[in-house]
Amino acid sequence: QFQKPEDAVKYRKAAFTVMAAHFGRVGAMAQGKAPWDAQAAAANMAVVMSVHQLPFTAFGAGTDSGDTRALPEVWSKAADFKAAADKMADAMGKLDAAVKTGSFDNTKAAFGPVGGSCKACHDDFRKK
Ligand code: ASC
């Protein structure tokens, strides 16, 4: 899938970067730091939904060194890493559904669990 390990590292970081940019725009609204705009939230959420699973295709064997903050636990506790990604995907699906209702309150309520799932994975699987 990737020619060289460093290509995989670059790819997953790029995917996380795009995801964080668009998730962050939804988050700013959900947290009251930006005005609620249901259409903008939906547009940003559509990008998030199309990219949030991509990084996890790029943590293959041999991609544990170089320019990465991934901890060895990504590979040594692969089942836990997958469970953490699945938890995020599940929370993300719920946030997407909430955003699609057009309701700020629904979005606000569904946002927290996603942020928590990001943080949980960073705490366990990413260098500080
Ligand atoms: C974000 C983002 C993350 C998470 C994390 C939640 O918006 O880019 O990595 O939320 O900060 O704790």
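A pocket here is an open set of grid points, on a 1 Å grid over the protein atoms alone, with protein on both sides within 12 Å along at least five of seven lines, and its volume is the space filled by probe spheres set on the points. With that in hand, a tour of this predicted model can begin at the largest pocket, which has a volume of about 610 Å³. Helices H1, H4 (78–100) and H5 are the elements that give two or more residues to its lining. H1 makes the largest share of that lining, with seven residues. In total, 24 residues line the largest pocket, and those nearest its centre are Phe16, Phe59, Arg69, His122 and Arg126. Sorted by class, the lining comprises 15 nonpolar, four polar and five charged residues.

The ligand comes next. The space that the ligand takes is this largest pocket. Around the ligand stand Ala20, Phe23, Gly115, Cys118, Lys119 and His122. Of the 310 Å² of accessible area that the ligand has on its own, the protein covers 58%. Two helices, H1 (5–30) and H5 (104–125), each contribute at least two residues to the shell around the ligand. While H1 supplies the largest share of the pocket lining, H5 gives the most to the ligand shell, with four residues. The shell divides by class into three nonpolar, two polar and one charged residues. His122 belongs to both descriptions, as a member of the ligand's surroundings and as one of the residues that lie nearest the centre of the largest pocket.

Attention can now turn to the second largest pocket, for which the volume is about 160 Å³. Phe56, Phe59, Val74, Trp75, Ala78, Phe81, Lys82, Ala85 and Asp86 form its lining. Helix H3 (73–76) and helix H4 each provide at least two residues of the lining of the second largest pocket, and the greatest contribution, five residues, is that of H4. By class, this lining holds seven nonpolar and two charged residues, with no polar ones.

Across the whole structure, the search finds five salt bridges.

Terms used. Residues are numbered from 1 along each chain as its sequence is written. This is a predicted model: local features need pLDDT of at least 70, side-chain atom pairs count only at pLDDT 80 or more; totals for chains, interfaces and linings use all residues. Side-chain values use heavy atoms; hydrogens and water are left out. A residue is near a molecule or strand if one of its heavy atoms lies within 4 Å of it. Accessible areas come from the Shrake-Rupley method with a 1.4 Å probe; for residues, only the protein chains shown count as cover. On a 1 Å grid over the protein atoms alone, a cavity is a set of points where a 1.4 Å probe fits but cannot get out, and a pocket is an open set with protein on both sides within 12 Å along at least five of seven lines; lining residues have an atom within 4 Å of a point. A molecule sits in a cavity or pocket if more than half of its atoms lie within 2 Å of its grid points. Ala, Val, Leu, Ile, Met, Phe, Trp, Tyr, Cys and Pro count as nonpolar, Asp, Glu, Lys and Arg as charged, and the others, Gly among them, as polar. A salt bridge is a side-chain nitrogen of Lys or Arg within 4 Å of a carboxyl oxygen of Asp or Glu.
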